[in-house]
Every structure is written in C-alpha cells, then in structure tokens.
Amino acid sequence: MAEPELVDVVVVGLGVGGEEVAGRLAEAGLSVVGIERDLVGGECPYWGCIPSKMMIRAANALAEARRVDGLAGSAQVRPDWAPVARRIREEATDTWDDRAAVDRFVGRGGRFVRGSGRLDGPGRVRVGEQVFQARHGIVLGTGTRPSIPPLDGLADTPYWTNRQAIEVEELPASLLVLGGGAIGLELAQVFARFGVTVTVLEASDRVLAVEEPEASEVAAAALRADGVEIQTGVRAERVDHDGGRFTVRAAGGAEFTGDRLLVVTGRRAHLDELGLDTVGVAADQRYLPVDDRLRAAAGIWAVGDLTGEGAFTHVAMYQAAIVVADLLDHVRHAEAGPDASGTASAVGGAVGAVGAASGGAGPAGVSGGAGPAGVSGGVPRADYRALPRVTFTDPEVGAVGLTERQARDRGLNVQVGISPLESSTRGWIHRGDGLIKLVADADRGVLVGATSVGPAGGEVLSGLAVAVHAAVPISQLRHMIYAYPTFHRAIEEALRALR
Ligand SMILES: Cc1cc2nc3c(=O)[nH]c(=O)nc-3n(C[C@H](O)[C@H](O)[C@H](O)COP(=O)(O)OP(=O)(O)OC[C@H]3O[C@@H](n4cnc5c(N)ncnc54)[C@H](O)[C@@H]3O)c2cc1C
Ligand SMILES: NC(=O)c1ccc[n+]([C@@H]2O[C@H](COP(=O)([O-])OP(=O)(O)OC[C@H]3O[C@@H](n4cnc5c(N)ncnc54)[C@H](O)[C@@H]3O)[C@@H](O)[C@H]2O)c1
C-alpha cells in the first residue's frame, strides 16, 4: 500500500464550491490537493447555469422579435440552433475541456489530481493508488447527479438528462420533459421557442411546486403561450423506446409520445461513494448534514449541493467563503499552538492576511450584520433565511425567504400582499405578466419572504432580498421612494395590500 503523502488540505470535487475553496486556500499559502474526476468547475459552467442561460438569452431574443408584431410593425423570425450550439462550445465550455480551469487552479498554487477521491480513514483521502493525509482538513464538494425515478423500462432507453439537452446540436421535432421544476421549465421554454413540440409531465399538481402557487400559474401560462403542453398530476409508470420514439405511460392509461425524453426530476447526492463509513459518518442520508460553519465531522467540511441547503451556485459560493474562513481560523489556531500568542508560522502569517480580507469583504461579512446567525468569533455562520432563487423562464420567477405556506407552517402571524404587474404603470406599458407577492411576519413587522415574477423578476428581487435579509421594518419600506415607472414600483402596491 502506498505511503500517505502529508499535505495541508485535500478538496474532493472541484465544482463551483470545491474549486473556490481549494483556490483560495492555495492562495493563502497552504498546500492544497484538489481532486476532480470530471471537469474542474463542475455542473454550472459545463452543463448547468451558464450554457442554459446562453440558450435562454437566445430564446428570449426570438420571443422579443416576435413581439414586434403589434408593438412596432412586423418581424419575421427564423430560429436557428446552430449559433446557440456553437456559442456553448466555443464560449462557455471549450467543447467540454477544462484545461483553462485546471491551469487557473494550478496558477493559484493548488496541486491538481484527476480521479475519484474517497475518504480512507480519519484525515485520509485515497484517489486510485495515491493516498493523501490532510494535516488540517478535508473538504467535500462532490455535488449531485440527476435523480432518475425507478420507472419500468426507463433505464433501458436513451433518455436525456440535462447533459444531453445542453450538448444538443440538432433539435428534435418533439420533446417530452419529465419534471416541471426549474430545469424542466427553463429548457422546455427554450426548445419550444426554437420550434420543438414540447410536453411537460409533472407529478405534482402544479409546475414549480416549491414556489408560490401564484408564480406557478404565471409560469405555466407563459409556457402555454409559447406552445408548451403542460400536464400536471401525471403519475408516470412506464417508459418505452421503439428505436425512434419514446412513450411515457401514466396511471389512468394516459400516454405521451415524443422523439426525445428529458428526465429532470431533481438531483441526488451520492454519499455512498465517499467512504464516509471510514470516518464514522452515515452514508445512507439524502444529503450530508453540516453545522453553520459547514463542518460535517471532525476535520471534514462540506460545500455546495452536497449539503442540501439549496442547489444553487450562489449557495455554493456563499458556503465556500465560510469554509475558507473557518478552515483558516482552524489552521491559525493549530499553527499558533497551545500558546496562541506565539509567533505565527509562515503559513499562519499568510492565513492571517487572507482571513482578514475574506472576513471583511465576502458575502459572509455582509450576513454578519444581519442578526444572531451572523459572525461569531471572527468566523461567519451560514444563515439561509434570505436565500434567493431565480428561475429564468420568461417571465422570470424570483423568490427569497419563506413562501406563504412555509411561513404559516412555522406558526408565524402571517400577512400577505399581492400586486399584479399589469396594474403597475411599467407592467401595463410593457404588456408583461407577473406579480409581486410579499409574506410578512406581522408580529415583528418585517418581510420573511417575497416573490417577484416579471420580465426582470430576478433583478427586481434584489431589493426584496435586502429587505428580508436585513429585516428592514415594513414601516420603513412603506415610506421610501420607488422610481417611476419601474417594475419594482409594484413592491409599493404590494406593501399597501399587506393584510
Ligand atoms: C441545467 C441546470 C441549470 C442550472 N442553473 C442554475 C442557475 O441558473 N443558477 C444557480 O444558482 N444554479 C443553477 N444550477 C445549479 C448549479 O449548477 C449547482 O448548484 C452548482 O453546480 C453546485 O456546485 P457544487 O460545487 O456543489 O457541485 P457540482 O457543480 O455538481 O460539482 C461537483 C464536482 O465534484 C465532482 N466529483 C463528484 N464526486 C467526486 C469524487 N468522488 N472525486 C472527485 N470528484 C468528484 C464532480 O465531477 C463535479 O465536478 C443549475 C443546474 C443545472 C443542472
Ligand atoms: N435558475 C436556477 O437557479 C436553476 C435552474 C435549474 C436548476 N437549478 C437547481 O437545480 C435543481 C434541480 O432541478 P430540477 O428541475 O431537476 O429539480 P426540481 O426539484 O426543481 O424539480 C423536479 C420536478 O420534478 C417533479 N418530479 C419528480 N419525480 C417525478 C416523476 N416521476 N414524474 C414527473 N415529475 C416528477 C417534481 O415534482 C418537481 O416538480 C433545482 O432544485 C435548483 O436548485 C437552479
């Protein structure tokens, strides 16, 4: 058996979260080994956020051109997927080559190892024949993979996940989308706008079921206006592929057919692959539980989708800042030894500089001002009360904090205010659908959640996110000036409607 090699930190999985942690720790002067089995950068740049938003940008350009009729004359639009596929290859993914990302990590001082990492006892990580002993800590950032429902026949068919959908160069004539969540809706609308006949099959009684029902309604209506067929309450039972077409058979005898089948029914962490049993952590869990400093066990931190705190790039980045600060704090104490006033080592000195910078500037520094869950003892604590999320359909669905249902389930004294976008001057001029929905805790006089659906719903969300995050008193929100005629002016009306 190979002798373990001693390093400061080992990071397993260099997706959004892992790459950020590994890079920043390496820049701080620690010896960091970063292990990635696929592409450095993870799902977001290669098969997620970035290429999907490039598709959306293109599809929205088509939709906007189609709006010329009736507003500004007439326009003929001939969709062509080729420039979209080309842009994804040339600008976003280097045709799924991560050389630039590997060089970036190595340039920051990290040591890169390609392969699958696995815990191998306390402080140890094995990757193939190599074994590393981490002096200060191990960070797991292994993300999620698509969760595929156990439907009869499905595993034997050439169904798509998000990866094949993002890589597509020739669009099919028709597409079945199993799952009407964030990925399903964003991609369904894109493909429909490029001329694909799209059917969304959703098990729950509404699409985008984690968000407010009013938001689901607007999103469903918008997709239907683009020609997407939306079927809710579908209990798929069996999938067949006859060499050409897919058939999904559902309870009650309904059948749906399409040239391609995209399965986007959520994501799953694969804890069983990480060797967690070798450090006494249960692997039979959906996600890896962590505390508010992202610690999963002694000497082990986790970051990103793996933690189950919200599968978003901005959550992975937010958590990464906390992991870096906590790990550097841990190193600082270890290097200082029992007499903390002793002379700092070279590593400790570098750590001190970076720790100070990150504490003041990162998102965690801002959250520190927000309340009890902020900075404690110099290390910021994770606080998800104002978690923002945006589904980039057109109109966009932005949301922050609690939905009305979640607030009621928590026993809060809930008030709700809704303002349809078309009743605002800008919404009426724009002919845009959408709404603002506010959820207030009447006892504290603050917003605990908000939804902003509209042409720029994700951008309008920013003010609402500040209000929830900083617990701005509703009385203050009511007495501020909202620029006229903006989409965000609808917030003022929704505040007035709170009851
Ligand atoms: C289609 C789509 C669109 C999305 N759009 C958005 C969006 O608009 N906004 C947003 O905020 N989020 C979006 N997301 C979510 C976002 O991509 C994820 O939240 C983000 O990638 C999570 O980062 P992560 O570092 O936790 O995991 P990942 O990005 O999944 O990275 C984990 C990495 O670990 C590697 N790995 C796993 N196991 C091992 C192992 N044992 N050894 C070595 N390496 C390993 C994997 O190969 C992978 O590279 C989207 C996701 C999808 C699929
Ligand atoms: N704009 C963004 O920020 C963005 C975009 C895409 C994805 N993401 C992230 O990626 C995560 C995963 O996205 P997703 O869309 O796969 O998951 P999701 O959890 O958002 O939606 C999955 C949907 O599939 C449905 N479903 C589950 N099993 C089904 C079945 N057997 N038949 C029919 N429907 C079924 C669920 O009811 C749910 O509505 C999201 O939760 C989000 O955090 C974010």
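**Figure 1. Where α1 meets α9.** In this predicted model, Val 16, Gly 17, Glu 20, Val 21, Arg 24 and Leu 25 of α1 contact Thr 313, Ala 316, Met 317, Gln 319, Ala 320, Val 323, Val 324 and Leu 327 of α9 (contact: C-beta atoms, placed from the backbone, within 7 Å). By class, this contact has nine nonpolar, three polar and two charged residues (Ala, Val, Leu, Ile, Met, Phe, Trp, Tyr, Cys and Pro count as nonpolar, Asp, Glu, Lys and Arg as charged, and the others, Gly among them, as polar). Helices (H or I, at least four residues) and strands (E, at least two) are DSSP runs, numbered from the N terminus. Residues are numbered from 1 along each chain as its sequence is written, chains are lettered from A and ligands numbered from 1 in the order in which they are written. Local features need pLDDT of at least 70, side-chain atom pairs count only at pLDDT 80 or more, and totals for chains, interfaces and linings use all residues.

**Figure 2. The packing angle of α1 and α9.** The axes of α1 and α9 lie 8 Å apart, at an angle of about 30° (axes are lines fitted to C-alpha atoms, for helices over the stretch in contact, and angles run from 0 to 180 degrees between N-to-C directions). That makes α1 roughly parallel to α9 (angles under 35 degrees count as roughly parallel).

**Figure 3. The surroundings of ligand 1.** Around ligand 1 there are 36 residues, with Gly 13, Gly 15, Gly 42, Gly 143 and Gly 304 the closest (near: C-beta atom, placed from the backbone, within 6 Å). At least two shell residues come from each of α1 (16-27), β2 (32-36), α2 (43-47), α3 (49-66) and α9 (313-336). This shell has twelve nonpolar, 17 polar and seven charged residues.

Figure 4. Let's finish with the loops. Asp 394 and Pro 395 are joined by a cis peptide bond with omega about 5°, and Pro 395 sits in the loop between β20 and β21 (396-401). Another cis bond runs from Tyr 484 to Pro 485, with omega near -10°; Pro 485 belongs to the loop between α15 (474-478) and α16 (490-496). Asp 94, although not a glycine, has a positive phi of about 50°, in the loop between α4 (82-93) and α5 (99-107).

Notes
Angles under 35 degrees count as roughly parallel, over 145 as roughly antiparallel, 65 to 115 as roughly perpendicular and the rest as oblique. Two residues are in contact if their C-beta atoms, placed from the backbone, lie within 7 Å.
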